[in-house]
2 protein chains.
Amino acid sequence: MTQTDHVAVLDGGHDREQHEGARRLLATPDRLRSFFAPRSIALVGASDGSGWARFIMESLATAGFAGTLRFVHHARPEAFGRPTVPSLRALGEPVDLAFVLAPTHAVEGVLDDAAAAGIHNVVVLASGYGDGGGEEGRERERRLVERAVELDLTLLGPNCLGFVNAVAAVAPFGLHIVPPLRRGPVGVVLQSGALTSNVLAFARAHGIGISLLTSMGNEAVITAADVLEHLITDEDTRVIGLFLETIRDPQRFSALARRALQVGKPIVALKVGRSPAGQLAALAHTGAVAGDDAVVAAAFRQLGVIRVGSLEELLVTAGMLGSGQVPRGRRMGVVTASGGACDIIADRSADEGVEIVEFSEPTTARLREVLPSFAAARNPLDVTGIILADRTSANANLGDAALNAVAADPNLDFVFNMVSLPAAAPPDPSVPERRIADVAATIACSPVPVVNFSATCSDLSEFGGSLLDRHGLHVVGGIEFGLTAVGHAIRWNEVRQDRAARPAPPSPPRATSDGLPNGAWSEARARELLRAAGVPAVPAELVTEADAAVAAAERLGCPVVLKICSAAIAHKSDIGGVALGLGDPDAVRAAFVRVLAAGRAVTDDVEGVLVSPMRTGGTELFVGVTVDPSFGPVLAVGLGGVFIEVLHDVSLRVLPVDQEEVVRMLGELRGAPVLAGARGVAPADLPRVAEVVARLAECARLLGPALQTVEINPLWVDGSRVEALDVLVVTGCSS
Amino acid sequence: MTQTDHVAVLDGGHDREQHEGARRLLATPDRLRSFFAPRSIALVGASDGSGWARFIMESLATAGFAGTLRFVHHARPEAFGRPTVPSLRALGEPVDLAFVLAPTHAVEGVLDDAAAAGIHNVVVLASGYGDGGGEEGRERERRLVERAVELDLTLLGPNCLGFVNAVAAVAPFGLHIVPPLRRGPVGVVLQSGALTSNVLAFARAHGIGISLLTSMGNEAVITAADVLEHLITDEDTRVIGLFLETIRDPQRFSALARRALQVGKPIVALKVGRSPAGQLAALAHTGAVAGDDAVVAAAFRQLGVIRVGSLEELLVTAGMLGSGQVPRGRRMGVVTASGGACDIIADRSADEGVEIVEFSEPTTARLREVLPSFAAARNPLDVTGIILADRTSANANLGDAALNAVAADPNLDFVFNMVSLPAAAPPDPSVPERRIADVAATIACSPVPVVNFSATCSDLSEFGGSLLDRHGLHVVGGIEFGLTAVGHAIRWNEVRQDRAARPAPPSPPRATSDGLPNGAWSEARARELLRAAGVPAVPAELVTEADAAVAAAERLGCPVVLKICSAAIAHKSDIGGVALGLGDPDAVRAAFVRVLAAGRAVTDDVEGVLVSPMRTGGTELFVGVTVDPSFGPVLAVGLGGVFIEVLHDVSLRVLPVDQEEVVRMLGELRGAPVLAGARGVAPADLPRVAEVVARLAECARLLGPALQTVEINPLWVDGSRVEALDVLVVTGCSS
């Protein structure tokens, strides 16, 4: 919806840079802490006839806002049965926040009034700025930012619905919130307006509590990254959910994500624009040119940002992570009262890399004591439907006894426990009450986390939800999203542990790239770079005479390869500048003449001809570093041949990477079995390969802002022999 | 839950065959029609203390059962405040159905009573049969089937919860059904007991109406296939949902699925056992040995059976297909009031192969008239949140006006229309009422189907659900499952159209395989089979003398290949029985001696040596037919080299297939670009390749029950030249 989704500042980049320092001072975590917790609010331009104003009034009531509420209207003496003042200047004393509902043309005047009244925080609803307002609108937004900086105004919007702070019980928010508002550990930042309603409704229906939720609007002053930073420092927030159309400042986003990982606060992100169609749709709303989504995916994985594909997955995952019951390993015990559920869980666990391990002997023995004779004491456990039909008898405690036994199993990292809640209060509500109390007591004593789940993604009934609340339990919505959430949590934890165990990333590269060529390097110079970086290359001699070529070939040993060496020729094969498999002096001599002539036919700038021994057997890799417009230098590694040409089978990482990470990259390739020695090839020495690749990546990164491309294709691998057979380096200003 | 999930008859196969004919007569669609619509029911062994009995009473009430209910108890004079009779024999007149709650040991006696009382339909709840009752239990189940056949009893179970017939308003069903029970077009068959409750609850919460739902139990008499057949003929059922742990009779299942496709009744199946862990879990409940899941997946695709991964996907898909608004093509128009929703939809559409095409010029013009100035008249369409905030003004009809314009667009096959329903009745319920009435009116006149969706998978509120009901609308649960359902529907429709356009599958293969060898064939004999089937093979001459080998090589042209020819040697290379690239007579002579000696070293049964020209260049395929224990002969096609050895990149089909289907198989391969001419190879003549592969598949199929393996590896392809370079045929009794 345009009021809030069209968050674009189409070409505000230049002005942003100018104002970035001043703008950031308006949106520090300190400023935002008070911005999002106002105890007095003025609604400017509010009238009974405005739908937005009615929604805001309703939302404030739903949130239980107990502060001061003032109404400002230039023409009407009353709003919502209360007297108005004609301008913020007439308030008498400043409010903590002004929510500006005035039309676009009146907004600047209201900001002046706000500043004059000693107000420092404003939300601007009006659209017609960067959001589809054309050049005029963009100019209007630039002026708005300037004015905010000038007047020391922290501003959310424009084109923004406001925010919901459930912890501080204040929700100046221009859409419907289904009551009651549920407070809790999940902070949410949305680059969308209309979805806020859906997010709040789903969260509420699944017992997921919100700390702060903001709809970002155009991000003229407060950006999504600012709110993210605030939430990382906010102690009421344990997990952060993002809906992102664009990442405006990937460097800052990455730094914040690293900090969140460090402090153990998971970020769950629904980043749209995975597909060309999705990029087009997001472009329509943000004006931002999408980077390569594969790079976004790689960056998220490296940063431990959990990427999800749907709103349900976003919220169920965040809810589980916020519940305090978070799996820390892959070994899962399952307790259900349904064999069918066990089947589905087993399949989905396999998808997520979650292991359903065997129960230990004592667990099995204990289960045999409590289970009916016809039930098998096996993981995944089906305690059988007897617990449903036979609650009054000895089986009443069966489910809990089974959970108790399983939770104590030393083989397990966590338990996935099915909970069925009544749709409505039964005639004797003490029965489910006791059952849930037992589960809660068991979980409180459990040595491992217990993730409760329902069979399907369904809303909690009022009775069911209140039962859970009374006993402090959380139930994830359904096997499908529940196991997805479990998989996310496990992988997040693995990244976290891995990052904690590793040294800090190396220092940033030099800020200038003086003295580097502007364009492609000759191969001889590029080989120098490799040598300096400790990247082994196939021996090569640069010659300028046929006799020297023959002599070099004899020294290096036939068969040899001849390649034209010129900074002006990037694609040597295409112009006939390469000769392979030259077995004797005559062949070398003839090839020298041919290759040199081919080079000279296209440029005067020929350094000579490189002579190298021909490598056969082994495996060929592609290793390249390019620069993503968003995330900067990116390393791509793949196997040569069909793997890269037909299957586009590459593994990506944003730099820097270390050797260990490159080993992981190689392992992710579909062609990984080839490196492991499939098809009769000698197994590659993966640590050695990774060491070489990591060195190349680091030397590319250290080229600094001039880096455009550093590529070894192929990198030849034969067991522990690793050699660059060909290298391309391009530096300079990108056009 | 063991009461119903443990549906196994572990080794009943033999008895099943004996009794299959008699058993089937008890479970014909005619018999099942009356079985599932009883107007009088006797509960046998019911007492107030039994949880199952209480559930059945409650379920019957929820379904609105208005027929006669009788109680039978051998000891107690009363049940649920009503008098009992001591035995079915004492009923006076027969009931349409006896629901037997008696314990296992008493069941046989009850069956005798039932027959004596003129009753022909029984449900048996008791477990302890094939379900984990050991050998004794299996024997008990065999006796149960015998008795049923003898007494002409149609029997559901044992170890079964019963069924819910919403259309006939009768639900003899032993678990809780959250009221109200919703009748509708979806028939459901579950090889699970406990999941029935979850399925009913989710369906109800999403406005998905059920015709008949059965929990199958052990399938001693009535099988899942019988109920499937009944539902295909049942005119109240428009779509069929299955939860399957095992497919007991794949041939019959396939035939039924074909019939369902023919009559246009989609089957949506959650078949578990996709993973080894899932197979293990299902095995625990069914005792059935799982076939290769890849074959199940292939068979489902061929049969148009929609395979889903979760209960939510099962029901949302079935609900959409049952709604009557079913997409018939890939071109989608999207109407929302959220730019964020547009983004998510665009990404998910790309996943599903759904195309968001441009609106036609007249549509765009019409949208410009109705949309606010800041909204873009573009697909996916965001009519903007103005419709939420400004309902009283001219924008009140904006959403419907936009839907109207989009639905009329000739570029589109269907519309995906976002509907937001209130969580509770607003102060003026006529506002949403009018809005939904407008949507309904537009859809009624729409030339293309309109699939309504909500943003997330959430329960319908009571108010929202009743709104939809009053106006005959269906809303699919969320973007995520909604677009999955859309993708399923489109693909289902494509399979349906494809099947309708193609000739009927060829006749079944011969029933006997007399005269075929018992084991591997010699290559010479296998080549005969190819020749007879019209499958081209590389020229080859069988020689037994070195001179003859040399002469053959001269005729065929060097370089040649020599291969030992013996039925006793399946893997020729392994024993040194192959010599490649022989360029001159001396090499041929030496190789002949070597190859022959290698063969004679392992067997006396050597026919000679095959001499063939050596093929180079081009592409090599793997083509193999093997026999799946469930679905029978299966064709696998893949590219050679890393594609099959490292990537296991094969496409599968259950036979028979025609040329067109093989073209599709080749297109599914990840290596397909190689066949299309990637990497400088001549593009393969795909119709020609497919013709050859289809002939091979058909000749394999026609070997009948003796078929074990027919494999061409490699099948050499160079443009339109296609030749089998090596062939392996194995027939005989499988051990």
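Colleague: Why is A:D152 called partly exposed, rather than buried or exposed?

Modeller: In this predicted model, A:D152 has 13 other C-beta atoms within 10 Å. Buried needs 20 or more and exposed needs 12 or fewer, so a count in between is called partly exposed. A:D152 therefore falls in that middle class.

Colleague: What makes the backbone of A:D152 stand out, and where is A:D152 in the chain?

Modeller: Its phi is near 60°, a positive value in a residue other than glycine. You will find A:D152 in the loop between α6 (134-151) and β7 (154-156) of chain A.

Colleague: And B:A169, what class does that residue belong to?

Modeller: B:A169 has 16 other C-beta atoms within 10 Å, so it is partly exposed. Its phi is positive too, about 55°, although B:A169 is not a glycine. Look for it in the loop between β8 (162-165) and β9 (183-190) of chain B.

Colleague: How do you know that the two chains are related by a two-fold axis?

Modeller: Start with the general idea. Two copies of a chain are related by a rotation about an axis and a shift along it. Here chain A can be laid on chain B by a turn of 180° and a shift of 0.0 Å along the axis, with an RMSD of 0.1 Å. That is the relation of a two-fold axis, which is why we use the name. The same surface serves both copies, as 100% of the contact residues of chain A recur in chain B.

Colleague: What makes β8 and β13 of chain A edge strands?

Modeller: Each of them, β8 (162-165) and β13 (306-307), pairs on one side only. They belong to an open sheet of six strands in chain A, in the order β8-β10-β9-β11-β12-β13, with mixed pairing.

Colleague: How do you know that β9 and β10 of chain A count as a pair?

Modeller: Two strands pair if there are at least two bridges between them. Strand β9 (residues 183-190) and strand β10 (residues 210-215) of chain A have five bridges, in the parallel sense. To see the pairing in the structure, find A:V188, which stands opposite A:L213 in β10(A).

Colleague: Which helix packs on the sheet and touches β9, β10 and β11 of chain A?

Modeller: That is helix α8 (residues 224-233) of chain A, whose direction makes about 160° with that of β9(A). Helix α7 (residues 195-205) of chain A lies across β8, β9, β10 and β11 (239-244), and runs at about 165° to β10(A).

Colleague: Which residues of helix α5 of chain B are buried, and what covers them?

Modeller: In α5 (residues 107-116), the buried residues are B:V107, B:V110, B:L111, B:D113, B:A114 and B:A115. Their cover includes β1 (40-44), β5 (97-100), β6 (121-124) and α6 (134-151) of chain B. After α5(B) comes B:G118, with a positive phi near 80°.

Conventions: Residues numbered from 1 in each chain as written. Chains lettered and ligands numbered in written order. Predicted model: local features only at pLDDT ≥ 70, side-chain atom pairs only at ≥ 80, totals over all residues. Least-squares fit on C-alpha atoms with pLDDT ≥ 70 in both. Contact = placed C-beta atoms within 7 Å. Helix = DSSP H or I, 4+ residues; strand = E, 2+ residues; numbered from the N terminus. Axes fitted to C-alpha atoms, helices over the stretch in contact; angles between N-to-C directions.
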